[in-house]
Amino acid sequence: MRSQIPRIVSIALVHQSTLLLKCCPFLFSSTGDAMFRLATKLVTTLGAAVALGVIGAPIASATVSEAPADGAVDSAAEVMPAAAPAWSYTIQPSCGGWESPIRTGANYWGGASEGGGTPVQCQNSAITDCGFKNEPVHGLTKDGRLIVVGCNYGMGQLIKLFPGAVNDPALLAAHEFGHNWYGHSYNGCASWASPTDVMATTMC
């Protein structure tokens, strides 16, 4: 990803310059020379800000690419696993009986060890305190209602699961552990088909 940064920035600068030419042709006239220099500085500064934003973005166990064409993009990006950094989690007593699928979900991302790190709690009812910014994952009940079945608070500060409400609790766990680094990939049913699919919005 980082090797593509100069190309990304140069494309952004060319695009911004083209927009300036189309919208403000007077900037390119002799009388608009001073304004053109000012506009060029603004475009360059914006390009540098974009570059710093990309360089400064956290890199965990995956890089980001284009989102799949078959779903509506929710936050941006195809998730592509790379070498995962070391990270850890702790299964709380409330998850008794669900330890195996939770470990399967954690191991999907690689680099995980058990003990310390993100605490994982389980409950037998819908999660009601997730909040929009924590990107709750929904599940469909037998009577057709959408309820929140998983939540990752503060990108790894706490994970809550309602594993009894879903067909694949390991997938639910993998999805929530993925929120340690990534947002939702697209609106649709999550699956094991790819990391991008794991991070879809709904447990179907």
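**Figure 1. Cys 95 and Cys 122 are a pair of buried cysteines.** In this predicted model, both Cys 95 and Cys 122 are buried. A disulfide connects Cys 95 with Cys 122, and the S to S distance is 2.0 Å. If the word is new to you, a disulfide is a covalent bond between the sulfur atoms of two cysteines. Now look at where the two ends sit: Cys 95 is in the loop between β4 (87-91) and α3, while Cys 122 belongs to strand β6 (residues 118-122). The pair therefore ties together parts that are 27 residues apart in sequence.

**Figure 2. Cys 130 and Cys 151 form a disulfide between a loop and a strand.** The sulfur atoms of Cys 130 and Cys 151 are 1.9 Å apart. The link of Cys 130 and Cys 151 is right-handed, with 80° about the S-S bond. Follow the chain and you will find Cys 130 in the loop between β6 and β7 (137-140), and Cys 151 in strand β8 (residues 146-153). These two cysteines are 21 residues apart, and their bond links distant parts of the chain. Are Cys 130 and Cys 151 buried or exposed? Cys 130 is buried, and Cys 151 is buried too.

**Figure 3. Cys 189 and Cys 204 are joined by a left-handed disulfide.** Here the S to S distance between Cys 189 and Cys 204 is 1.9 Å. The value about the S-S bond of Cys 189 and Cys 204 is -85°, and the link is left-handed. Cys 189 lies in the loop between β10 (186-187) and α5 (195-198), and Cys 204 in the segment after β11 (202-203). The two are 15 residues apart, and their pairing links distant parts of the chain. How exposed are these cysteines? Cys 189 has a relative accessible area of 43% and is partly exposed. Cys 204 reaches 51%, which makes it exposed, as the cut-off for exposed is over 50%.

**Figure 4. Three disulfides follow a simple pairing order.** Stepping back, the structure holds three disulfides. How are the bonded cysteines paired when you number them in sequence order? The pattern is 1-2, 3-4, 5-6.

**Figure 5. Helices α3 and α4 pack against each other.** Helix α3 covers residues 99-107 and helix α4 covers residues 169-178. Their axes are 7 Å apart and meet at an angle of about 45°, so α3 and α4 are oblique to each other. The crossing of the two helices is right-handed. On the α3 side, the contact is made by Pro 101, Ile 102, Thr 104, Gly 105 and Ala 106. Their partners in α4 are Pro 169, Ala 170, Ala 173, Ala 174 and Phe 177. What kinds of residues build this contact of α3 with α4? Eight are nonpolar, two are polar and none is charged.

**Figure 6. Helix α4 is largely enclosed by the rest of the structure.** Ten of the ten residues of α4 are buried, which is why the helix counts as largely enclosed. Among them are Leu 171, Leu 172, His 175, Glu 176 and Gly 178.

Terms used
Residues numbered from 1 in each chain as written. Predicted model: local features only at pLDDT ≥ 70, side-chain atom pairs only at ≥ 80, totals over all residues. Heavy atoms only, no water. Axes fitted to C-alpha atoms, helices over the stretch in contact; angles between N-to-C directions. Helix = DSSP H or I, 4+ residues; strand = E, 2+ residues; numbered from the N terminus. Parallel < 35°, antiparallel > 145°, perpendicular 65-115°, else oblique. Left-handed = near helix turned anticlockwise from the far one by under 90°. Contact = heavy atoms within 4.5 Å. Nonpolar A, V, L, I, M, F, W, Y, C, P; charged D, E, K, R; others polar. Disulfide = S-S within 2.5 Å. Buried < 20%, exposed > 50% of the residue type's maximum accessible area, 1.4 Å probe, protein only.
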